[in-house]
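Biologist: Please take me through one part of this model closely. I would like the strand pairing first, then whatever surrounds it.

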Amino acid sequence: MDNLQVTPEANSEDGSLCARCHSPLEQGDLRCAICGEVAPAKERATLTTVVTKILRCTGCGAAIGYDIKHQAPACSFCGGVVEEESVSDPMEQTEMFLPFTVTEQQAQRALKQWLANQGWSRPSDLASTATFAGLKPLWWVGWVFHAEAQVSWAADSDAGSRRSSWAPHSGQTTLQFNRVLVSASRGLTNQEANAITPGMNLQTAQSGPGGARADAIIEQFDVQRSQARREVIAAIERLSAESVQRTEIPGRKFRNVAVSLVLRGLHTQRYALPAYVIAYRYKEQLYRVVICGQDAKLVIGKAPRSLMKTVVLPIVIVIVIALIFLLFSAF
Amino acid sequence: MSTSDQANLNQGRQPPGGPQRELGEEDALSIACQSCGAELVVASNIRSTVCPYCASPSIVERPPTPNRPDPTFVVGFVRDHQQATNAVKEWITSRHMFVRSDFKRASPELTRGVYLPAYLYSAISDSQYSAEIGENYTETETYTTTDSNGKSVTKTRTVTKTEYRSLQGRHEGYLIDIVVSASRGVANDALGAIEPFDLRAMRRYEAGMIAGWIAEEPSRTVDECMRLSHDEAMQIIQRKLQGFMPGDSHRNLRHRTNLHDEMVHLILLPIWSFALRYADDQPPLKILVNGQTGRVNGEVPISYGKIALAVAAVLLVVLILFLLFGGAAGLAN
């Protein structure tokens, strides 16, 4: 995911940043979702003397109090409700769209090429016999974020092991996450999304959908903001664990990799990303393939396996091994 | 109707307000009801009241002091009086068998629904830890035993052993949403027993959110609450570090933790407080209900008579069994 290109700088809707971790605060945030620091509020004149207040309904003038049924201050005479500022937790909304730059014809050609290159274990007639069953352009959704993370880690690895196969290790490192994309799609699997993500060019982002026919599917984010933040933070923790395993922990085998993060400057944007979902039929069975909408070389999907080849291959291997064994034991 | 001041220890902002007096030393305030003109006396630890003559709610806003900052947040009541009473009744009947019978028969009397002052604490923890990490390994060992024919035989078995390796390291992370009671009337443990509150539903403090309800002012100092917050923070860090340790097991986990970037903010939490008088010769028990979730907790009086009876019954059963089987064994011999 490191080859994503330029991301426009993420800004909070009201432009304010958390004073502690410098992550953007969005409209309706009372606290920072990362570190819990309180969002700045409108300044109020500091009292110097005791003030007694009675709150009155602007409709009928009666005194109002907090009403459990309305979960807000309400007038018990006329039913008027006073709206108070509360934590808003709206559904996530797409901010930017990447346009389709691969045409439907190019996507179909990419499918044919992909079928022809599926390797020895696939049926020999796959490319010639498979029939095209449908193509649907789809904008799937994902979060693109950048952040700095102070990562404390601890893990077991085989480096330095003695009687046990494992030895404990720990350390700290700082990781920069630069324009990392995390799938929020319910339509594509994580494997499919990860396979086509490298083809996305964020420089082409625009405010609306483009480059596809009018009936293209536009997936919606189906999580609220609070859940979205949890998913992004969980993704950062997972990526951090993978990163320290690759670059920090000595050894070749690992287990119990634990990380603790102090995140700073987490900027997140919500993108809709183009893909073609193609169905093809082979011997009455339907299979699905996903092609990146900005790079037709990135294709992922399912293809049938040749039963004959997958059965014959292991038998041949066993026979060859047996022959070699016999040959060596004869001499 | 907006309040924006906050106790921010990190930035060291201190509200003005002239010479400070100890909490609880202030005088009660006499105010006139702005609806009917009746004279109302408001205790020094109370922020809001209701006129007993015309039921008009009044909010008393005092100049903030370091130990009595303006509230930053409030969590509104969700459970009403009836729901809270039902929750308490259900809770009483579900107590264990050794509570006093008159307690189970008692009817809860509502004292009040109150907005309890508490501090919402957050910080960054930085721990230097050391521990001995247990890494398991297996060994095959031979041993001698006797077979069914009484002959001595040598066998092998696989045993799991643990090799301990020392580990030192550093662990940093955010600590958020630690809530401690700022009221001397409710112990921090008692508040903890009816937590959690869903803080996603909290709102920025506005006088309208407490109008018509009783809201307490803090009666613990910020320093006391910071100590309580640190105690809770240390328990959380201990649990975090235990989960952070690699290996199959660990022992002698020690840590030296520094808490920095600390922030506390005053929050008002909805509590239903019940008094339960179960015996004329006993003081009433206090039962608290989380006004948002309906979670109940309180003291439970134990019946020592029931415990003595249970012990006697167990001893009696043991004695009967002993006499039955001991006697049978004696007859067999």
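Modeller: B:Y143 stands opposite B:K155 in β7(B). This is a predicted model. The pairing behind that position is between strand β6 (residues 109-146) and strand β7 (residues 152-181), both of chain B. They run antiparallel, and 28 bridges join them. The two strands form a hairpin, with 5 residues between them. In the turn, B:G150 has a positive phi of about 85°. In a regular strand, side chains alternate between the two faces of the sheet.

Now the domains. Chain B is divided into domain 1 (70-130 + 170-302), domain 2 (131-165) and domain 3 (304-333). The C-alpha centres of domain 1 and domain 2 of chain B lie 50 Å apart. Even so, the two are in contact: domain 1 of chain B gives 11 residues and domain 2 of chain B gives 7 residues. On the domain 1 side of that contact, the elements giving two or more residues are β6 and β10 (249-276) of chain B. β10(B) supplies the largest share of that side, with 5 residues. By class, the domain 1 side divides into 4 nonpolar, 5 polar and 2 charged residues.

Next, the partner chain. In chain A, 54 residues are in contact with 63 residues of chain B. Five elements of chain A are listed as giving two or more residues to this side: β1 (51-53), β2 (65-67), β5 (131-157), β6 (167-183) and β8 (254-282). The chain A side has 24 nonpolar, 18 polar and 12 charged residues.

Strand pairing also crosses between the chains. β1(A) is joined by 3 bridges to strand β4 (residues 57-61) of chain B, and the two run antiparallel. A:V51 has B:E61 as its bridge partner in β4(B).

Two further places in chain A deserve a look. A:T103 sits in the loop between β4 (96-97) and α1 (104-116) of chain A. A:T103 counts as partly exposed because 14 other C-beta atoms lie within 10 Å, a count between the 12 or fewer of an exposed residue and the 20 or more of a buried one. A:R213 is 110 residues from A:T103 in sequence, yet their C-alpha atoms are 10.0 Å apart in space.

How values were computed. Residues are numbered from 1 along each chain as its sequence is written. Chains are lettered from A and ligands numbered from 1 in the order in which they are written. This is a predicted model: local features need pLDDT of at least 70, side-chain atom pairs count only at pLDDT 80 or more; totals for chains, interfaces and linings use all residues. Helices (H or I, at least four residues) and strands (E, at least two) are DSSP runs, numbered from the N terminus. Ala, Val, Leu, Ile, Met, Phe, Trp, Tyr, Cys and Pro count as nonpolar, Asp, Glu, Lys and Arg as charged, and the others, Gly among them, as polar. Two strands pair if DSSP finds at least two bridges between them. Domain bounds come from an automatic or database domain assignment.
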